[in-house]
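Please keep the sequence and the structure in view while reading.

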Amino acid sequence: MKILLLGGSSFLGRAYAAEALARGHLVTTFNRGRSGADLPGAEAVRGDRDSAEDLARLVEGRTWDAVVDTSAQQPAQAALSARLLRGRAGHYTVVSSLHAYADWGPQVVDEDSALLPCPADTPPGQPFGRELKAGCERAVQEGFGADRTLVLSSGLLIGPYEFGGRLPWWLERMARGGRVLAPGDPGRTMQVIDVRDFAAFGLDRLTDGTAGRFVTTAPPGRLTFGQWLETCRELAGPAGTELVRVEDGPLLAEGPDQVTPWIELPFWAPDLPDWQGIWRADSRRAEAAGLRCRPFAETARDTWEWLRTREPVEDTDAEGRKGRPEAPFRQGIEPAKEQRLLAAHG
Ligand SMILES: NC(=O)c1ccc[n+]([C@@H]2O[C@H](COP(=O)([O-])OP(=O)(O)OC[C@H]3O[C@@H](n4cnc5c(N)ncnc54)[C@H](OP(=O)(O)O)[C@@H]3O)[C@@H](O)[C@H]2O)c1
């Protein structure tokens with residue numbers, strides 16, 4: 001098949017490109033050339049999806065069997081590409097997020113859960129908001145045609161080329177060794193998906209022309225936070241690296257050393273009412289349709305291998321733009337703060 005990847009050069013888009021090329025598909029990628037290298041074998045078209053001129057250049061003289069849109073963040077972007085591609089492609093996959101569901105967080109969500117309100121014609125340039133992904137979904141369904149659109153509501157993605165750095169942060173923290181703050185209940189379950197499994201599932205559904213939507217993440221309950229931490233420790237921690245459990249309470253206590261869940265200790269989701277559904281999205285429809293998720297140990301091993309062997313990267317590009325996806329991850333708890341918390345509560 002001829003497949004257009006809107007993006008295609010980093011993380012999930014890159015995983016789609018790799019899997020599609022391995023299956024013998026003809027791949028076109030469209031991106032600005034900032035976030036990563038296009039894979040050999042793909043036809044790389046440079047351009048900005050916010051620009052109608054660049055998109056017109058992309059579609060000039062080209063058609064595809066299917067489009068995969070991993071990069072839409074603004075409804076206006078999705079509307080523009082969906083309209084332009086309507087007569088030039090047979091199928092459109094838009095990668096959305098569990099964020100788009102109104103009740104994700106406090107509740108268990110599935111494909112029938114209500115989306116956040118955000119119209120398809122939301123003007124461009126909106127500040128980040130989780131409702132924007134809902135607007136992107138609507139824009140593709142309206143602009144391209146819902147009967148040919150597949151919405152994949154992505155759970156938390158991990159795997160090699162994860163420049164956002166949640167799994168990389170934990171692996172690099174373990175590599176520093178010593179006493180490592182292990183937050184909360186180690187038996188609490190998590191729900192993450194390897195980008196390669198996501199891409200394989202997405203390509204299967206694209207190939208069979210499926211429309212509709214899937215909550216696309218691993219089944220709930222197959223990995224605990226304790227197993228996550230222990231796997232990272234075993235892979236990356238030097239001898240003597242010790243996980244030291246600290247309960248949610250002291251970490252959440254107001255004060256100078258209060259810890260921001262999820263951000264300072266990536267993926268730490270404390271036992272709070274608004275977090276009860278975070279790791280419990282209902283992915284049974286995707287499983288029944290063929291989603292297969294590899295063991296976390298394999299994802300962690302491959303991600304650690306990638307981290308240890310990748311080229312060093314700059315956090316600004318030649319034009320001084322900040323926040324490129326390949327920027328070294330700068331979040332995570334301050335080492336001194338972590339050690340203070342361990343001394344007080346560990
Ligand atoms: N990461 C997660 O845990 C997570 C969770 C839920 C949902 N999602 C969703 O999953 C999708 C994939 O996420 P990802 O992090 O892997 O992103 P991605 O697919 O790597 O998207 C970035 C790609 O899009 C290109 N791009 C970005 N802005 C562009 C523009 N204006 N014009 C042309 N190309 C552009 C980038 O290349 P250039 O910068 O070179 O242009 C890069 O190739 C996203 O839709 C995200 O919202 C992710």
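For the sorting of residues used below, Ala, Val, Leu, Ile, Met, Phe, Trp, Tyr, Cys and Pro count as nonpolar, Asp, Glu, Lys and Arg count as charged, and the others, Gly among them, count as polar. On that basis, the shell around the ligand divides into six nonpolar, 16 polar and seven charged residues. The model is a predicted one, and the points that follow are grouped by topic.

**Ligand surroundings**

- There are 29 residues around the ligand, and the ones that come nearest are Ser-9, Ser-10, Arg-34, Ser-35 and Lys-133.
- The ligand taken alone exposes 890 Å², of which the protein buries 86%.
- Two or more residues of the shell come from each of helix H1 (11-22), strand S2 (26-31), strand S5 (89-97) and strand S7 (156-158).

**The largest nonpolar core**

- The largest nonpolar core holds 44 residues, and those touching the most other members are Trp-170, Val-192, Trp-228, Leu-265, Phe-267 and Trp-279.
- The elements that give two or more residues to this core are S7, helix H5 (166-176), strand S8 (179-183), helix H7 (225-236), strand S13 (242-246), helix H10 (296-309) and helix H11 (335-345).
- As a general matter, nonpolar side chains in soluble globular proteins tend to be buried together.

- The buried residues of H5 are Leu-167, Pro-168, Trp-169, Trp-170, Leu-171, Arg-173 and Met-174.
- Arg-173, which lies in helix H5, counts as buried because its relative accessible area of 2% is under the 20% cut-off.
- The side chain of Arg-173 reaches the backbone oxygen of Arg-179 at a distance of 2.9 Å.
- H5 is followed by Gly-177, which has a positive phi, near 75°.
- Pro-160, placed in the loop between S7 and H5, is buried with a relative accessible area of 12%.
- Pro-160 and Asp-48 are 112 residues apart along the chain, and their C-alpha atoms are separated by 25 Å.

**Positive phi at residues other than glycine**

- Trp-262 has a positive phi of about 75° although it is not a glycine.
- This residue, Trp-262, has its place in strand S14 (residues 261-262), and is buried with a relative accessible area of 15%.
- Phe-267, also not a glycine, has a positive phi of about 70°, and is found in the loop between strand S15 (265-266) and helix H9 (284-288).
- Is Phe-267 buried or exposed? At 1% relative accessibility, Phe-267 counts as buried, and Phe-267 is also among the residues of the largest nonpolar core that touch the most other members.

How values were computed. Residues numbered from 1 in each chain as written. Predicted model: local features only at pLDDT ≥ 70, side-chain atom pairs only at ≥ 80, totals over all residues. Heavy atoms only, no water. Near = heavy atom within 4 Å. Areas by Shrake-Rupley, 256 points an atom, 1.4 Å probe, with all protein chains shown as cover. Helix = DSSP H or I, 4+ residues; strand = E, 2+ residues; numbered from the N terminus. Core = buried A, V, L, I, M, F, W, Y, C linked by side-chain atoms within 4.5 Å. Buried < 20%, exposed > 50% of the residue type's maximum accessible area, 1.4 Å probe, protein only. Polar contact = N/O pair within 3.5 Å; in protein donor to acceptor, adjacent residues only side chain to side chain.
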